[in-house]
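Here's a quick briefing to read with the model open beside you.

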Amino acid sequence: MTAGVRQEPREADRPRTPRRLRLPTLLALLVGFAGVGYRLALILADAPPSNSDEATMGLAALHIARGDDFPVWFYGQAYMGTLEAYLAAPLVALAGPSVLVLRLPTLALYALFLLLSWRLTRRLGGDRWYALLVVGVLALGSDRVVKNQLIAGGGYPELNPAGAALALLTVALCGGGPGVRLPRWAAWGLVAGVLLWVDPLILPYVLTLGALLVAWRRRELAGRAGAVLGGALLLGVAPMVLDNLRHGRDPLTAVLAASGSGATAGWVERWHGGLVVGPPLAMGFCSPGRCAPWQLWWAPVLLVLLVLAAFTAWRALRRPVPPASAGRRVSAGVRLALLGGAAAVLAAYASSSAAGRTPLESGRYLSCLAVAVPALLWPLWQAARPLVARLVLRPGGRGAPGPDRPDEASVRPAPGRLVGAAPVRAVVAGVGAVVVLAGMPGTQAGATVETIRAAPAAHAEADRHRMLVDALGDLGVRHARGGYWTCNRIAFASAEETVCAVVDDDLRPGFDRLPAYRRAVAADPDAAWVAPDGSPLAARLDRQLGPGAGALRVITIPGWRIYLPRR
């Protein structure tokens, strides 16, 4: 009876269809490469402009590469770990000191952040189209955003990828059965520990995600998992702990002092800087150096979204689900933890005097709000998804989602909920969500264009600085005095062939992050002075020009004035 029946091939004998990237995944790759390429082009164009803080991190990398020093903290302070210096040190050893070698590791960290954000969005229940949206929002880069991501000035470039990694590990540890997950517990503890050493700005995320782990896996944490996590955490914070034991320095007190806790700033100024200017600046809505009134629309939207997204996540967390759908509760819990961390970051910044005194520059303290983007935009996507599916993803057409493509089918509205049949309230909510989602990249794109337009000026300034360093070398200047934003740039660019002591505009000693430079300069009677052309320091030094002994003579190069003592 079976003679005429064709036997089905076994699983191993079946021809395998090559896996092809789905359209949203391919688009996300292209957008991600564009975001990385855009930042690489900025770096090659010497943008954003470097400064002495970045040069200080470069000097730490130079000392590590030479084996001269292995600093725990950013020189001159007892907080902000030097992870960026250790990442750049091998490149500095190979290629010598330059801004490019300092920023290649930060560029790699940004690329890692995009990848982790895509993965995190998918693990939190988002479909590939939503993950594409998240990558697109994070790919654009205004002035403040690319400064946070690319300048190796300490702390900021590594916060976002590490925060996204913590969230991903939390999803993995809360989901599924106990299993053998000790490596993940170790990774969570190590990443959290390193983050606390590098920059405590990420502490709110560590606390909220850690609280979720305790709530979900407290029995597991009471055993070997807790010991492994604790040991890895101690390993990550070991540089900070050992330094504290050796020198008695308290990083928390130093951070509070640096944030302006002792300075005067009214609450109105703090709330305006922290809640009105800060969020649009941190999300890349503002032009270089300013936030126009029309670019501040994101501030109230962010506050509403925080509440709405938290309420949505809480409802999903409390809703009973069958065991097979337990992953939805995990996703909701992690989203709620991310939103709680973002709200704590925002509240801490808005209560600091830095938000009121220097809102445009201090907006960098909100850079880690980007970690919560996959959770923050979730209610907008949920409201906009039926409308997007109806207008963009043509059901039944070629390339449209279908039952054999479950991921993309998830963006198609369910029967009876198509836009034409949806309640008016759902249509209005969908239209509003689409407007906000379209307005975000639109506003970011405008700010990104302004950043690109500013790149030639940054390149010209970097050229003038290279001419200054070359001129000092040609003149045989080994020791100099200059302003804070001048000195360490010269020392790093010259590989410490020329070292510099900081002075203020009245020629009084300033803040030297490396005191050894001041001692070396003080011992040289022929030490030069360096000042930007047209600066108050240059005007002060011009008064000492003259032909007699003890007076100064000046050598001018584009953008700079070099003063040499007459003998």
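In what sense do β4 and β5 pair, and over how many bridges? They pair in the antiparallel sense, over six bridges. Before the rest, some ground rules: this is a predicted model, where local features need pLDDT of at least 70 and side-chain atom pairs count only at pLDDT 80 or more, while totals for chains, interfaces and linings use all residues. Residues are numbered from 1 along each chain as its sequence is written, and side-chain values use heavy atoms, with hydrogens and water left out.

**The chain as a whole**

- The protein chain has 24 helices and five strands; helices (H or I, at least four residues) and strands (E, at least two) are DSSP runs, numbered from the N terminus.
- The chain has 567 residues, and 49% of them count as buried. Here buried means under 20% relative accessible area, exposed means over 50%, and partly exposed is in between, with a 1.4 Å probe and protein chains only.
- Take the contacts in the protein chain with a separation of 6 or more: 72% of them come from residues 24 or more positions apart. A contact means heavy atoms within 4.5 Å.
- The accessible surface is about 26500 Å², and carbon and sulfur atoms hold 63% of it. Those areas come from the Shrake-Rupley method with a 1.4 Å probe; for residues, only the protein chains shown count as cover.

**The sheet**

- The five strands make an open sheet in the order β2-β1-β3-β5-β4, with mixed pairing. Two strands pair if DSSP finds at least two bridges between them.
- β2 (499–502) and β4 (552–557) are the edge strands, each pairing on one side only.
- On average, neighbouring strands are turned by 30° against each other, direction ignored. Axes are lines fitted to C-alpha atoms, for helices over the stretch in contact, and angles run from 0 to 180 degrees between N-to-C directions.
- β1 and β2 pair in the parallel sense over four bridges, and the bridge partner of His479 in β2 is Val499.
- β1 (residues 479–482) also pairs in the parallel sense with β3 (residues 528–532), over two bridges; Arg481 stands opposite Trp529 in β3.
- β4 and β5 form a hairpin with two residues between them, and Gly559 in the turn has a positive phi of about 85°. Across this pair, Thr556 stands opposite Arg561 in β5.

**What covers the sheet**

- Helix α22 (residues 484–493) lies across β1, β2, β3 and β5 (560–565), running at about 165° to β2.
- Helix α23 (residues 515–522) packs on the sheet too, touching β1 and β2, and its direction makes about 100° with that of β2.
- Both faces of β2 are covered: Val499 and Ala501 are buried on one side, Cys500 and Val502 on the other.

**α1 against α6**

- Helices α1 (residues 23–44) and α6 (residues 143–150) pack at an angle of about 80°, with their axes 12 Å apart.
- That makes α1 and α6 roughly perpendicular to each other. The scale is: under 35 degrees roughly parallel, over 145 roughly antiparallel, 65 to 115 roughly perpendicular, and the rest oblique.
- Where they meet, α1 brings Tyr38, Arg39, Leu42 and Ile43, and α6 brings Val145, Val146, Gln149 and Leu150.
- By class, this contact has six nonpolar, one polar and one charged residues. Ala, Val, Leu, Ile, Met, Phe, Trp, Tyr, Cys and Pro count as nonpolar, Asp, Glu, Lys and Arg as charged, and the others, Gly among them, as polar.
- α6 is mostly covered, with seven of its eight residues buried; Asp143, Arg144 and Asn148 are among them.

**Backbone spots to check**

- A cis peptide bond joins Ala47 and Pro48, with omega at about -10°; Pro48 lies in the loop between α1 and α2 (52–66).
- Asp46 lies in the loop between α1 and α2 and has phi near 65°, a positive value in a residue other than glycine. Asp46 is buried, at a relative accessible area of 15%.
- Glu496, in the loop between α22 and β2, also has a positive phi, near 65°.

**Pro359**

- Pro359 lies in helix α17 (residues 359–362) and counts as partly exposed, because its relative accessibility is 22%.
- Pro359 and Gly274 are 85 residues apart in sequence, yet 7.2 Å apart in space, C-alpha to C-alpha.
- Leaving out residues up to four places away in sequence, Pro359 touches Gly273, Val277, Leu281, Tyr349 and Ala354.
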